[in-house]
Amino acid sequence: EEISELRFQNAHSNVMVAKKYMRCKGMAISVVAAIAELTGGDAPLSLFLGDLPERSHTSVSAGDYLGTDHVADRPVQIDHSVLQLLSDGREQESQFDIKKSPLASYLYTMLGDIGMEECYKHVIFPMDEEHSRRLLGAIPISVLINILAAIAAVAVTRTERLNRMIEELEAKADASDRSVVCHCKMLRHFF
């Protein structure tokens, strides 16, 4: 009886981690789709995030510009098992998924469980202009500016439109977002 209860708890925990993991991945893809929609329309994912890493070749990716040491502006609740999967990947290679998910990891770290669920309400497939604006509008300005700046560094054919979006957000930013705005301006200096 005790063993079956433990197995049930482990199975339940695994399902909950998998659910959050898939939601985070879906959210990251939806954010990219929304950005694509508002900057010229659909395009290959690699345009916005960079090429998939290969064993013999690694190219620059948006994740490189997001960094890894993220701290949310406010306390957020996260599941560290989910964050580790997003940041470090699964132990075994997969045929259907990339190992690391820097954008999903960044979003989850900055928004937490509740923020991700709130933003996920605006996710539809395929993404249209109205839902794109709603989804991106649900993301804190400082977080969105960092994402746009990282993507602008990779998606060179959309950099001008991405920079316009950043400038509009900078104009809306309040005092708590100022440090991100300064960081973003410094980043844009390089591309």
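Which helices do the buried residues of α6 pack against? In this predicted model, they pack against α1 (2-38), α5 (102-120), α7 (141-154) and α8 (159-172). The points below cover α6 and then a pocket to which α6 gives part of the lining.

- Helix α6 spans residues 129-138, and its buried residues are His131, Ser132, Leu135 and Leu136.
- These four lie on the same side of α6 because they cover an arc of only 125° around the axis.
- Arg133 and Gly137 are on the other side of α6, where they are exposed.
- Here, buried means under 20% relative accessible area, and exposed means over 50%.

**The start of α6**

- The N-terminal end of α6 is capped by aspartate 128.
- In this cap, a side-chain oxygen of aspartate 128 lies 3.4 Å from the backbone nitrogen of glutamate 130.

**The second largest pocket**

- The second largest pocket holds about 330 Å³ of space.
- Its lining is made up of 14 residues, and those closest to the pocket centre are Leu38, Arg133, Met165, Glu168 and Leu169.
- Three helices, α6, α7 and α8, each give two or more residues to this lining.
- The most comes from α8, which gives 6 residues.
- Sorted by class, the lining has 7 nonpolar, 5 charged and 2 polar residues.

**Where the topics meet**

Key
Residues are numbered from 1 along each chain as its sequence is written. This is a predicted model: local features need pLDDT of at least 70, side-chain atom pairs count only at pLDDT 80 or more; totals for chains, interfaces and linings use all residues. Side-chain values use heavy atoms; hydrogens and water are left out. Buried means under 20% relative accessible area, exposed over 50%, partly exposed in between (1.4 Å probe, protein chains only). The arc is that of the directions from the helix axis to the C-beta atoms. Contact means heavy atoms within 4.5 Å. A polar contact is a pair of N or O atoms within 3.5 Å; within protein, one must be able to donate a hydrogen and the other to accept it, and residues adjacent in sequence count only if both atoms are side-chain atoms. On a 1 Å grid over the protein atoms alone, a cavity is a set of points where a 1.4 Å probe fits but cannot get out, and a pocket is an open set with protein on both sides within 12 Å along at least five of seven lines; lining residues have an atom within 4 Å of a point. Grid points are joined across faces, edges and corners, and a volume is the space filled by probe spheres set on the points. Ala, Val, Leu, Ile, Met, Phe, Trp, Tyr, Cys and Pro count as nonpolar, Asp, Glu, Lys and Arg as charged, and the others, Gly among them, as polar.
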